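Let's take a walk through a protein model, one piece at a time.

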Amino acid sequence: SIRIAAAFIIQEICRNPQALQMFVACDGLSILVHFLNPILHPTEINRIGVKAIQSFFDLASEIRVHKLQFFQVFVDYDLLDVLADTLKRMVADKNVSYVERIIEIVCLFSQGTAPIKQCVCNSRVLEEIYEVFVAFSDNFSIMRLIMRTVRYLSVCEHSILAALEIFVNPMISCAVAGIREKEDQLEIHNHVLHCLFHLCFLNTRRQDMAVKSGLIEFLRHVVSFNTSLKEFAVPMLCDLSRSRAGTRQILWKDGGLELYLNLLPDKSWYSDGLQAIADWCAAKDDTLPMLEGVLGNPENIDKILGVLRSAAKSTISSQLFINVLDSVLKLITASIKICRAILNHSGGQLVAIVIPFLSHHDLYVREKILRVLLGFVTKHENPQSFLHEENLLQTLQNLAVKDSAIVVRTLAQILAEKAQNNT
């Protein structure tokens, strides 16, 4: 009882700015960490320690102390590992309010510098927070706090991201459960998406983990209903086409191709959607025959041509048109069936779109168009008739002689020779 009474006095000191300043100067912070030890002290003193540390951070600005300066001090006192033990006790006692308080303290540290974030990830407290995430999945306040903590930590180095990957599956499961129950979880989705973006983007191993937990269903919901988060969801979704073969199998099963096709009419994302489709086909895995069956449909050929037409009309930059041409080239190179489906359905339309740009000032535009035409000609059942039907011979001959770029002249010469063979 005497120890508890003394602890209460210290707690009151930590609530008074003037007294707190003197307390800190006398190395009082080490005492607060000592209060958290569940082996040496009863639960009541642990609680006092938690509240006192919160008070210190709440009043830090009033005593002209910058929080960041004292994160390292607390780390040196081994606060994070001690908090892990305290958190375990509070969970065992089902003391939800103090579980939340402890995570709030860790959340402050997650906003520190990179070395401080690394210390959080190296400590035992992160594993305990993961256990809390699993145990308190129905507590919205705690879920939101943990996701915010992970989000702050995720904006850092790869070593930190490796420690955070244990949260990938439960975060997605939590978000997907909310979607299926039709709950309004905009803030949760915001935190989950930002965490997953940093954890999974360009990381095929974590992408594989994520899609097995329902990532595609979550991204579909965000892309369909949340415009503000779409700028993070679409790049993640498109990056899956460049992931592992197993990931693409799940992508096919979960309707990934339909999602990509739905991006093609979107002015903001048509280039990304077509590139994802082209990269998926270029992988030439077991899903290619199924892709060919869908992409060969006339309505989808029209969507692909629509992308090419939109990019040709774009005044933003020639690079967008080049990117789309590159995707078309990759698509027709990967699949003879898709190439011939485009030719049979609307070869004339395609030529009509690109031919005016053979006089474009950008060398790379002219080169890419010729490579696309060469790709079609190479796979055409009758290349000579195709080139003559579209009246390309004279244009190609002029380019082969007059263009200033060697690469353009060479490509034009190759195409012109193909048109003249057996005529």
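Start with a pair of helices: α16 passes α18 in a left-handed crossing. (Helices here are DSSP runs of H or I with at least four residues, numbered from the N terminus.) Left-handed means that the near helix is turned anticlockwise from the far one by less than a right angle, while clockwise makes a crossing right-handed. The contact is made by V234, L237 and C238 on the α16 side and by L259, Y260 and L263 on the α18 side, where contact means heavy atoms within 4.5 Å.

Before going on, a word about what you're looking at. This is a predicted model, where local features need pLDDT of at least 70 and side-chain atom pairs count only at pLDDT 80 or more, while totals for chains, interfaces and linings use all residues. Residues are numbered from 1 along each chain as its sequence is written, and side-chain values use heavy atoms, with hydrogens and water left out.

Back to the helix pair. Two packed helices are described by the angle between their axes and the distance between the axes. The axes of α16 and α18 come within 11 Å and cross at roughly 130°. Those axes are lines fitted to C-alpha atoms, for helices over the stretch in contact, and the angles run from 0 to 180 degrees between N-to-C directions. The two helices are therefore oblique to each other. As for the cut-offs, under 35 degrees counts as roughly parallel, over 145 as roughly antiparallel, 65 to 115 as roughly perpendicular, and the rest as oblique.

Now try α4 (residues 43–59) and α5 (residues 67–76), whose axes come within 10 Å and cross at roughly 150°. That makes α4 and α5 roughly antiparallel to each other. Their crossing is right-handed, and the residues in contact are I53, F56 and F57 of α4 with K67, F70, F71 and F74 of α5.

Which residues of helix α15 are buried? In α15, which spans residues 215–225, they are L215, I216, F218, L219, V222 and V223. Buried means under 20% relative accessible area, exposed means over 50%, and partly exposed is in between (1.4 Å probe, protein chains only). Look down the axis of α15 and its buried residues fall within an arc of 160°, so they line one face of the helix; the arc is that of the directions from the helix axis to the C-beta atoms. An α-helix has 3.6 residues a turn, so residues three or four places apart point the same way. The cover over the buried residues of α15 includes α16 (230–239) and α18 (256–263), along with α12, α13, α14 and α17.

Two single residues are worth a stop. G273 sits in α19 (residues 270–282) and is buried, at 0% relative accessibility. Leaving out residues up to four places away in sequence, G273 touches C238, Y260, L263 and L264. W252, in α17, is partly exposed at 26% relative accessibility.

C26 is exposed, with a relative accessible area of 55%. For C339, the nearest cysteine sulfur is that of C281, 12 Å away, and C339 is buried at 0%.

Note on methods:
A disulfide is a pair of cysteine sulfur atoms within 2.5 Å.
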